[in-house]
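Subject: Structure handover

Hello,

Here is the structure for your files. My notes on what turned up follow below.

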Amino acid sequence: MQLKLLSFFLGAILLLSIGTGAYAQTSRLSGKVTSRSTGESLPGATVLIKGTKIGTMTDGNGNYSLSVPQSGATIVVSYIEMVTLEKVAAPGSAVLNFVLEDANSSLNEVVVMGYGTQKITKVSGAISLLKSANIEKLNPVRTED
């Protein structure tokens, strides 16, 4: 009976120490995400811990706050038309700011498809060119008339 009681207490102490250790290994990381070209904050940028599903989005001022492990997790920040950036959060750091570069958005030719868009160099099918003059020759009837 005493052996069972002793093993119960040792098990409880072990569980409490594991639970407390896991809680103590995380810290709060916050920062701001801005654009290098304009200097403006980027609201709605995605901030993730690499290799996990833990993440958040920046608020209207480009600020974020995230609970991260103190072991130095890699933080990945992405935003539309910006180059994705990764930084390692130093153990014990509380602030980590990100400045994202604009992606090279100069497109020469774009093909509009029924299910998306694609550069013309990557299309492997028939392409038709439709000019407004050809549409005017057809004299289409407007449905709202």
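A salt bridge here means a side-chain nitrogen of Lys or Arg within 4 Å of a carboxyl oxygen of Asp or Glu. By that rule there are two salt bridges.

First, the ground rules. This is a predicted model, in which local features need pLDDT of at least 70, side-chain atom pairs count only at pLDDT 80 or more, and totals for chains, interfaces and linings use all residues. Residues are numbered from 1 along each chain as its sequence is written, and side-chain values use heavy atoms, with hydrogens and water left out.

**Salt bridges**

Glutamate 101 sits in the loop between β7 (98–100) and β8 (110–113), and arginine 36 in the loop between β1 (26–35) and β2 (46–49), so the pair ties together parts 65 residues apart in sequence. Strands are DSSP runs (E, at least two residues), numbered from the N terminus. Glutamate 101 is partly exposed, at 38% relative accessibility. The scale is relative accessible area: buried is under 20%, exposed is over 50%, partly exposed is in between (1.4 Å probe, protein chains only).

Lysine 50 and glutamate 86 also form a salt bridge, with their closest N and O atoms 3.1 Å apart. Lysine 50 is in the loop between β2 and β3 (55–57), while glutamate 86 is in strand β6 (residues 85–88), so this pair links parts 36 residues apart in sequence. Lysine 50 is partly exposed, with a relative accessible area of 49%. Glutamate 86 is partly exposed too, at 41%.

**Strands**

Two strands count as paired if DSSP finds at least two bridges between them.

β1 and β4 are antiparallel, with seven bridges. Within that pairing, glycine 31 has tyrosine 64 of β4 as its bridge partner.

β2 and strand β5 (residues 74–78) are antiparallel, joined by four bridges. Leucine 48 is bridged to valine 76 in β5. β5 also runs antiparallel to β6, again through four bridges. Isoleucine 75 has lysine 87 in β6 as its bridge partner.

The hairpin of β5 and β6 has six residues between the strands. One of note is glutamate 81: its phi is positive, about 60°, although it is not a glycine. Glutamate 81 is exposed, at 58% relative accessibility.

**Core**

A nonpolar core is a set of buried Ala, Val, Leu, Ile, Met, Phe, Trp, Tyr and Cys residues joined through side-chain atoms within 4.5 Å. The largest one has 17 residues, and Val33, Tyr64, Ile75 and Val77 have the most contacts inside it. β1, β2, β4, β5 and β7 each give two or more residues to this core. β4 gives the most, with three.

Leaving aside neighbours within four places in sequence, valine 33 has contacts that include Leu42, Val47, Tyr64, Val77, Phe98 and Leu100. Contact means heavy atoms within 4.5 Å.

Best wishes
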